[in-house]
Every structure is written in structure tokens, then in C-alpha cells.
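My entries follow in the order in which I made them.

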Amino acid sequence: MISIAFRFVFFVLLQGLVMHHLSNALTDFRYVQLIFYPLFVFLLPLKMNTVQSMFLAFCLGIAVDFFYSSIGIHAAALVLTAYLKPFVMHQLQIQPTPLGRRGIRIIGIDLPEFIKLMVVLSLFHNLVYFILMAFGLSNFFHTLLLTFFSTIASLLVMLMYLLVFQPNQ
């Protein structure tokens with residue numbers, strides 16, 4: 001529980017103080033926003049109840065909204081992502097890996113399976129976030145470009161985090 005609380009504070013501060021300002025500094029890359037904080041939901045234990053995950057996602061989203069001066073957009077996208085995580089895992093047929101197997105495991109899942117989960121949930125989270133930010137589908141092509149390029153950039157940052165901190169279980 002302490003590691004979850006520490007990770008929560010770390011992700012809020014990293015997203016709010018670093019990624020937000022870094023995204024603003026990337027003025028040459030209009031379609032890139034670094035969205036790192038969904039990794040918190042991806043790293044929550046598999047055995048955690050969906051309601052607990054959604055509550056933590058809401059708290060994290062509201063904290064990030066505070067830094068971005070937005071009104072619940074991050075919270076809404078992250079809660080929906082936390083709600084859909086078990087469904088996506090079931091659809092992708094991702095199962096916990098037995099303890100005796102070799103290789104890198106994250107939250108009890110083999111790394112390639114975890115990356116597949118990250119890609120799908122990141123795409124979904126970013127699409128919901130950018131649709132809510134645009135307040136509709138009026139500029140859908142722009143929203144798709146933002147989603148695509150921000151997801152690629154964000155996944156690269158998330159993978160770097162995993163390589164450095166590698167929360168194996």
C-alpha cells in the first residue's frame with residue numbers, strides 16, 4: 001500500500017510539474033502532449049477491486065486536473081480507463097504469469113503482454129481525453145492526430161520509466 005501511495009504522489013508531481021511544462025515547451029510538436037499518469041492505473045495490482053482502481057484513478061485524475069486547470073477531464077478519462085482495464089485484459093486474453101517462468105514480469109504479467117495492454121489502454125485513454133478536451137467531435141481529424149502522436153510519445157516515456165524502475169513482482 002505504501003508503494004501505491006508513493007507512486008501516486010510521484011506520478012502526480014511528475015505529470016503536473018514536469019510533463020505539463022515539457023509538453024508546453026514542445027511548441028514545434030503541436031500534436032504531442034506527454035500523458036504519463038495512466039501508467040499508474042496500468043501498474044495497479046491485478047487483484048485490486050475495480051471500484052478501488054476507479055477511486056484511485058479519480059483521485060489521481062483530479063490531482064492532475066488541478067495542475068492543468070481543467071475541470072475533471074483527466075479524472076473522467078482515467079476513471080473510464082480503470083473501469084475498462086479488466087475488460088481489455090479479458091479481451092486480449094492476458095493472464096497472470098506463473099511464478100516459475102523466466103523473463104521480465106510487470107504486475108505479474110509478461111512484458112510483451114503488459115505492453116500490449118498499455119498500448120490499447122493508452123490509445124483509449126488519450127482518445128477519450130482529447131474528445132473531452134475538444135468538447136465534442138467537431139474537429140475529429142485533429143483529435144485523431146493528437147491521440148496518435150501523443151500516444152506514441154507517451155508510450156515511449158512510459159517504457160523508459162519501466163526500464164529504469166522496472167516494478168517486477
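**Overall make-up**

I began with burial and noted that 45% of the 169 residues of the protein count as buried, where buried stands for under 20% relative accessible area, exposed for over 50% and partly exposed for what lies in between, with a 1.4 Å probe and protein chains only. The model is a predicted one, in which local features need pLDDT of at least 70 and side-chain atom pairs count only at pLDDT 80 or more, while totals for chains, interfaces and linings use all residues. Residues are numbered from 1 along each chain as its sequence is written, and side-chain values use heavy atoms, with hydrogens and water left out.

I then listed six helices and two strands, taken as DSSP runs numbered from the N terminus (H or I and at least four residues for helices, E and at least two for strands). From the N terminus on, their order is α-α-α-α-β-β-α-α. Of the contacts with a separation of 6 or more, 70% come from residues 24 or more positions apart, a contact being heavy atoms within 4.5 Å.

**H3 and H4**

I looked up two quantities for each helix pair, since two packed helices are described by the angle between their axes and the distance between the axes. The axes are lines fitted to C-alpha atoms, for helices over the stretch in contact, and angles run from 0 to 180 degrees between N-to-C directions. For H3 (residues 50-68) and H4 (residues 73-91), the axes come within 7 Å and cross at roughly 155°. H3 is therefore roughly antiparallel to H4; the classes are roughly parallel under 35 degrees, roughly antiparallel over 145, roughly perpendicular from 65 to 115 and oblique for the rest. Their crossing is right-handed, which is to say that the near helix is turned clockwise from the far one by less than a right angle. Among the residues that meet are Met 54, Phe 58 and Tyr 68 in H3 and Leu 78, Val 79 and Tyr 83 in H4. I sorted the residues of this contact into 14 nonpolar, four polar and one charged, with Ala, Val, Leu, Ile, Met, Phe, Trp, Tyr, Cys and Pro as nonpolar, Asp, Glu, Lys and Arg as charged, and the others, Gly among them, as polar.

**H5 and H6**

For H5 (residues 111-134) and H6 (residues 140-165), I found axes that come within 8 Å and cross at roughly 140°, so H5 is oblique to H6. This crossing too is right-handed. The contact includes Phe 114, Met 118 and Phe 130 of H5 and Phe 140, Leu 155 and Met 158 of H6. By class, I noted 17 nonpolar, six polar and no charged residues.

**Single residues**

Which side chain makes a polar contact with that of Gln 15? Gln 15 is in H1 (residues 2-25) and counts as buried because its relative accessibility is 0%. Its side chain makes a polar contact with the side chain of Tyr 68 at 2.6 Å, and a polar atom of the Gln 15 side chain lies 2.7 Å from the backbone nitrogen of Phe 36. A polar contact is a pair of N or O atoms within 3.5 Å; within protein, one must be able to donate a hydrogen and the other to accept it, and residues adjacent in sequence count only if both atoms are side-chain atoms.

I also checked Ser 69, which lies in the loop between H3 and H4 and has a positive phi of about 55° although it is not a glycine. Ser 69 counts as exposed, at 67% relative accessibility.
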